[in-house]
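Colleague: I have the sequence and the model open side by side, and I would like to go through them slowly with you. Could we start with a pair of helices and then move on to the chains?

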Amino acid sequence: MTISIRALLGACALGALATAAAAETTITVATVNNGDMVRMQGLMDDFNKLHPDIKVEWVTLEENVLRQKVTTDIATKGGQFDVLTIGTYEVPIWGKQGWLVPLDDMPDSYDVNDLLPAIRKGLTVDGKLYAAPFYGESSFVMYRKDLMEKAGMEMPEKPTWSDIEKAAAAMTDKENGIYGICLRGKAGWGENAAFLTTMDNSMGGRWFDMDWKPQFDTAPWKETITRYLDLMNNYGPPGASSNGFNENLALFQQGKCGMWIDATVAASFVTNPKDSTVADKVGFALAPNKEGVDKRANWLWAWSLAIPAGTQKEEAAKTFIEWATSKHYTELVAEKEGWANVPPGTRTSLYENPKYLEAAPFAKLTLDSINAADPTHPAVEDVPYTGVQFVAIPEFQAIGTAVGQQFSAALAGQISGEQALQNAQSLTEREMKKAGYIK
Amino acid sequence: MSTQASRAAARLMISPSVILLLLWMAVPLGMTLWFSFQRYNLLMPGQGGFTGWDNYYYFLTDPAFFTALKNTLVLVGGVLLITVVGGILLALLLDQQIFGQGIVRVLVIAPFFVMPTVSALVWKNMFFNPVNGIFAHIAQAIGLPPFDFLAQAPMLSITLIVAWQWLPFATLILLTALQSLDSEQLEAAEMDGAGAFSRFFYIMLPHLARAATVVILIQTIFLLSTFAEILVTTNGGPGNASTTLTYLVYVQSLLQFDVGGGAAGGIIAVILANIVAIFLMRMIGKNLEA
Amino acid sequence: MARKVSTRRKAIMTAIAWVIAFLIFFPILWTIILSFKSEGDAIKSPLQVLTSHWSFESYFVVQERSDYFRHFWNSVVISLGSTLIALVIAIPAAWAMAFVPGKRTKDVLMWMLSTKMMPAVGVLVPIYLMFRDWGLLDTRIGLVAVLCLMNLPIVIWMLYTYFKEIPNDILEAARMDGATLSSEILYVLTPMAVPGIASTLLLNVILAWNEAFWTLNLTAAKAAPLTAFIAAYSSPEGLFYAKLSAASTLAIAPILILGWFSQKQLVRGLTFGAVK
């Protein structure tokens, strides 16, 4: 019985290999279910017309599930995917491991030098580009112009945290369901930990000193958490500890937030009259800083396409990536869906295009925010890591999420901010010791 | 009345199952045991090597470990309590003569057919969400501040979701048992002047005990590995408030990709689960023999 | 069962039962309702939701974005395939345990159940490595094998408890009449065992259909079942309640309908040894 089952399994395995060899030009693309990627799937006709010999299979998943699957697959060399959608966190780590195919032989027509320098830097390891940016983002302040006007205030283009606090206080009107400020509270290294890390940068703090000692016991982190909890407890929406990007987006679109500091890509969603009830009332400003601190609370992220080393279909995968991140694709989206909907934040030429600048009032601030982020020098003081709102080491996903859980618990009122920082400090120390960074 | 030949035949018939399950248990378990003594992180190839009890040390001294242990017990215990008590009440109700019995039964068992991920997503977004969820809308309508279930009472919320999924199962088994109850016995008791309550406590409940133990046994096996509901709703938080043992193993092995640490956690979870199992089987064994 | 009850009592019981049944079913009902709404309407308060415009739009969007039928077919093949193979392996074992019990039968049964206690998350990497080496990643046959092994203990247990209730006398009578082992199984036992086998089949198809860890982690595109289909809608950017509802409805509808139509069979054999 067992022998026959094994034979059956073996036969099927062979069958699977045989079909894989025959359909040489089918590539499997793993991607997140974000709006821009979903839009790309709707525009595949164009790609199929240009490259009839390549068939694209999509695997679209929610971000966390995607990350877990893609990481397992690439680390075990499972070979399930030919193109991966990954971020600026994974690229430096995986590039260094030799897990990605370098994209340094793109044709001239691709115009690599057109990529925004900050984004390109984030995707380059030892001088080689390992992933092509599909869309890039920083973070900035989105606020309700009408509410600010009603309160008799004006948002400076470069606000400080004190300006933000004053504005939040002035706009809050809980009776009418308007909360002065919405910020991320949901635990996760890419959720509240990302935001709070940038906030800490703008207070003059950092994650680790040059000996990899965690810095949660320093003054900037204390100030960050204190001011964050103050803001959210006094002027934030209920249930903020489970609000991530999506939840806040929905709140802002429904007109329940006076201000929202988050990803620049959100700008096109909140100004889109189809989904947003406040489309024509949104103003933008740079992410805040503390008076006298040189860094602002703006991050840098780019969802990018990369090819896992070892795939049999490297050429087809490259062809696809070239198409998806080209100027041609940008024009295609502009033609079908309008300039405001093109994937932002990857190419200089886009920000010189008058049609885009006209359609996207937030373009200039987006560009400024992206350019102001420096993944190699994220903090005022020197750090041993790269990454603005994350630390590009493999352990960070788990540490960042655990630390995020502590801050989330503080926001939910289960522990004090002080306690959260103490816990964060001890658990990070523990993990860093376990991983061998601290002796 | 079994002969030598039928014994041999019986052994032959059982062996495929036993061998397959042995392989299914031994191979991953063996690999896990091996990995649990290795320094093996998927994200850091080339850093391997024997590491002794380190992985166990770190897993057992994890600040979340005891919380996770407690939460696992709360979850399993809570769901069992709700489903067994609720299941008995529902079974009694469905055993009554009512109009549209078929439709009522169909509605009651429906949650059992829903994927755990889907039910977690639905409860989290459409019900528990403090702004757009139904409970928030109801609270708003009667002038109460919205309650943020998943942040303020994460374990309770998750227990409710899981109990909702398993209630139909318990109800079905208990109903089957109830219907097998000899109605003459009940009628005789009624004639003897036994009230509804004493009939319930002295005749029905003892009869249901066996079914209840089966419900407990089967559900415990599934509940110990509850994972999707936590991942979707709270990610184990806020803080560690809803981290269970299974979730802790997940954090080690799939968030941190620390295969060694995850393996050690897996082994510890298996040991603890088997302690529970031995305890359970003592209980069930007794009840099933009877 | 056939006791007479007063109409008044019956009416009260009916009312209570209906209210409770409605409450239990409500989350599913609400999901179905939201799937026929626009994203903007789906987040309004319940009354506004009910009075807003109904449309199939979300279903079209979902179908356009991800091929429902391919996922559906994978789910069917995987859940049915794994259950059928498990039945083939389990029926002889359960038969032998029920009719030729040894001293250790109970222990073997309990041991089988205990193999289900291994947390799947802890063994993903070892299994993934094996699947990679055998070329089973993203294949239906691989998932069939895993789910079959996963549910085998439950299948054996269910069949065993059901077989045990078949009176031994009948079998002995058949043996007296000179029936061979195979004809005994084929002509005597099988007809009596059909309800038990049917409900075992149903329950395990449901369990396999809803299994979301292995099916999600061992597949990519070709073998991805409905659990992966759902993962594409779980928390995207922007409003998503209507699309999530539509996708959820599509994912649970087949099994819900199957379960409802076969609930009599499901209940008939579903004793787990609970009844004596």
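Modeller: Gladly, and please keep in mind that this is a predicted model.

Colleague: Which parts of chain C are annotated as "transmembrane region"?

Modeller: The unreviewed UniProt entry puts that annotation on residues 12-36, 72-96, 108-129, 141-163, 184-207 and 240-261 of chain C. If you look at residues 141-163 of chain C in the model, the span is 100% helix and 0% strand, with its end C-alpha atoms 30 Å apart. Residues 184-207 of chain C are likewise 100% helix and 0% strand, and there the end C-alpha atoms are 31 Å apart.

Colleague: Let's switch to chain B. How many helices and strands does chain B have?

Modeller: Chain B has 13 helices and zero strands, and its C-alpha trace spans about 80 × 75 × 30 Å along the principal axes. Of its 290 residues, 52% count as buried. If you take the contacts in chain B with a separation of 6 or more, 70% of them are between residues 24 or more positions apart.

Colleague: Where does the "transmembrane region" annotation fall in chain B?

Modeller: According to the unreviewed UniProt entry, it covers residues 12-35, 73-94, 106-123, 155-178, 208-228 and 259-281 of chain B. In the model, residues 73-94 of chain B are 100% helix and 0% strand, and the end C-alpha atoms lie 30 Å apart. For residues 155-178 of chain B, which are also 100% helix and 0% strand, the end C-alpha atoms lie 32 Å apart.

Colleague: How many residues of chain B are in contact with chain C?

Modeller: There are 83 residues of chain B in contact with 79 residues of chain C. On the chain B side, helix α1, residues 4-36, gives the most, with 18 residues. That side of chain B divides into 59 nonpolar, 21 polar and three charged residues.

Colleague: And what about chain B with chain A, how many residues are in contact there?

Modeller: Here 30 residues of chain B are in contact with 30 residues of chain A. The elements of chain B that give two or more residues to this side are α1, α7 (149-152) and α12 (245-255). The residues of chain B that touch chain A divide into 21 nonpolar, eight polar and one charged.

Colleague: Could we look at some single residues now? Is Phe257(B) buried or exposed?

Modeller: Phe257(B) counts as buried, because it has 24 C-beta neighbours inside 10 Å and the cut-off for buried is 20 or more. You will find Phe257(B) in the loop between α12 and α13 (259-289) of chain B.

Colleague: Which loop of chain A holds Asp111(A)?

Modeller: Asp111(A) is found in the loop between α5 and α6 of chain A, and this residue, although not a glycine, has a positive phi of about 55 degrees. Asp111(A) is partly exposed, with 14 other C-beta atoms within 10 Å.

Colleague: Last one: where is Asp104(A), and what does it touch?

Modeller: Asp104(A) is found in the loop between α5 (90-97) and α6 (117-122) of chain A. Leaving aside neighbours within four places in sequence, Asp104(A) is in contact with Lys128(A) and Leu129(A). Asp104(A) counts as exposed, because 11 other C-beta atoms lie within 10 Å and exposed residues have 12 or fewer.

Methods:
Residues numbered from 1 in each chain as written. Chains lettered and ligands numbered in written order. Predicted model: local features only at pLDDT ≥ 70, side-chain atom pairs only at ≥ 80, totals over all residues. UniProt positions renumbered as here; feature names shortened; annotations may be inferred. Helix = DSSP H or I, 4+ residues; strand = E, 2+ residues; numbered from the N terminus. Contact = placed C-beta atoms within 7 Å. Nonpolar A, V, L, I, M, F, W, Y, C, P; charged D, E, K, R; others polar.
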